[in-house]
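Please look over the sequence and the model before reading on.

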Amino acid sequence: MSGQMPLPNPPVRFAPAMEVPAGNEAEINRALIDTMGKISQTTLEHSGHATRSVHAKSHGVLRGEFTVLDALPPALAQGLFASPGRYDAILRFSTIPGDILDDSVSTPRGLAVKLVGVPGARLTGSEADSTQDFIMVNGPAFTAPTPEKFLGSLKTLAATTDHAEGLKKVVSAVARGAEAVIEAFGGKSATITTMGGQKQTHILGETFYSQVPILYGDHIAKVSLVPVGDLATLTGAPIHTADDPNALRTAVSQHYATSGGEWEFRVQLCTDLETMPIEDASVVWPEDQSPYVTVATLRTAAQESWSPEAVAAYDEGLSFSPWHGLAAHRPLGGVMRARNSTYVSSAEFRSRHNGCPIHEPKSL
Ligand code: HEM
């Protein structure tokens, strides 16, 4: 269920006691920073260039305009969405691995959006800025319930970073087959998808999700971006990676050479903490209890999606983090808390080794 429709249940009103940090979070955070640092160091040694520890490969960077709808009902008119407004936006499409792989190794996709010139009280650590980032992946929940569990799979990823790409291609092809079997039996294996079982489809047709919750003013929400109009016709459209190691980038460039694109930005309010928990990032919040509802649109005009200038400014020169933003949209839960220092650390590594300072933009 989606789009504009009345909320079936009243949303939960957030209270700080709803966040319950685990006792060992500081220790897990240090291990995450350490493991991610190893991924970055490995790729730096092999390529001579520092990239993001995960989501290293970008498939396009775009400029757009984000418009908050007017006359939203009170439960949805919160934080940035409290009043209608238009903000410049920067978009970066990515895939999950920490190394730059041939696109025939098909892995889940990310979309990071940065709004600039956003007014309002800021998150700690983000006080000097005026941006609001939303960082999403094309699945409704995270692969692991907690940062501690995620650390386990990250160690596997770190161990396979920069290993023979040929092997990963085989793993990916096998995983796609296994995924088809699992789907046929009515399930979806998050693990297999993360290890490379993503279908080889057009990235512009994907629906992207925050996967984990944010504060939504008085409430708690997950957010998503859903392609509409022309972009919706690309959902599930096959792309051909056999002869093009950068097939996703090519597909985005070809689309934007002549056309623009539009997404609806939707929020799913938490209406029941039992079925829509804050601290378990792996739970898909049931849409029959609380549908995603449109609160804004994101429009992009036809443009060059991989120009050297835009790549230098947005792919290399920016960091996207859920902790860049308004206090009214504070990231919630253990996985979100773990992302605070890990994103800073990865961005600092890139900044240090590439001699390219990373800072938050004041405007496009
Ligand atoms: C404990 C859990 C997580 C950790 C430790 C983590 C860590 C990181 C790090 C270090 C980066 C690179 C930052 C940079 O160099 O600028 C990154 C990028 C990214 N992460 Fe996460 N992440 C976590 C969870 C998630 C979740 C739940 C999502 C789902 C929405 C996500 C989506 C992304 C995306 C899309 C990017 C690329 C952002 C960009 O384009 O710059 N991550 N992550």
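Against which elements do the buried residues of α5 pack? They pack against β1 (57-68) and β2, contact being counted when two C-beta atoms, placed from the backbone, lie within 7 Å.

## Basis of the report

The model is predicted: local features need pLDDT of at least 70, side-chain atom pairs count only at pLDDT 80 or more, and totals for chains, interfaces and linings use all residues. Residues are numbered from 1 along each chain as its sequence is written. Helices (H or I, at least four residues) and strands (E, at least two) are DSSP runs, numbered from the N terminus.

## Helix α5

Helix α5 comprises 12 residues, 247-258. From its first C-alpha to its last it reaches 18 Å, close to the expected 16 Å, a span defined as 1.5 Å times one less than the number of residues.

Ala247, Leu248, Ala251, Val252, His255 and Tyr256 are buried in α5; a residue is buried if 20 or more other C-beta atoms, placed from the backbone, lie within 10 Å of its own, exposed if 12 or fewer, and partly exposed in between. Seen down the axis of α5, the buried residues fall within an arc of 160 degrees, so they line one face of the helix; the arc is that of the directions from the helix axis to the C-beta atoms. Gln254, Ala257 and Thr258, on the other side of α5, are exposed.

## Strand pairing

β1 and β2 pair in the antiparallel sense over 11 bridges, where pairing requires that DSSP find at least two bridges between two strands. Phe66 has Tyr87 in β2 as its bridge partner. β1 also runs antiparallel to β9 (residues 293-300), to which 4 bridges join it. Thr67 stands opposite Thr297 in β9.

## Two residues with positive phi

Most residues other than glycine have a negative phi. Ala71, in the loop between β1 and β2, has a positive phi near 55 degrees. Ala71 is exposed, with 6 other C-beta atoms within 10 Å.

Gln211 has a positive phi of about 70 degrees and lies in the loop between β5 (208-209) and β6 (214-216). Gln211 is buried, with 22 other C-beta atoms within 10 Å.

## Around the ligand

Of the 29 residues around the ligand, Arg52, His55, Gly110, Ala112 and Ser346 come nearest; a residue counts as near if its C-beta atom, placed from the backbone, lies within 6 Å. The largest share of the shell, 8 residues, comes from α7.
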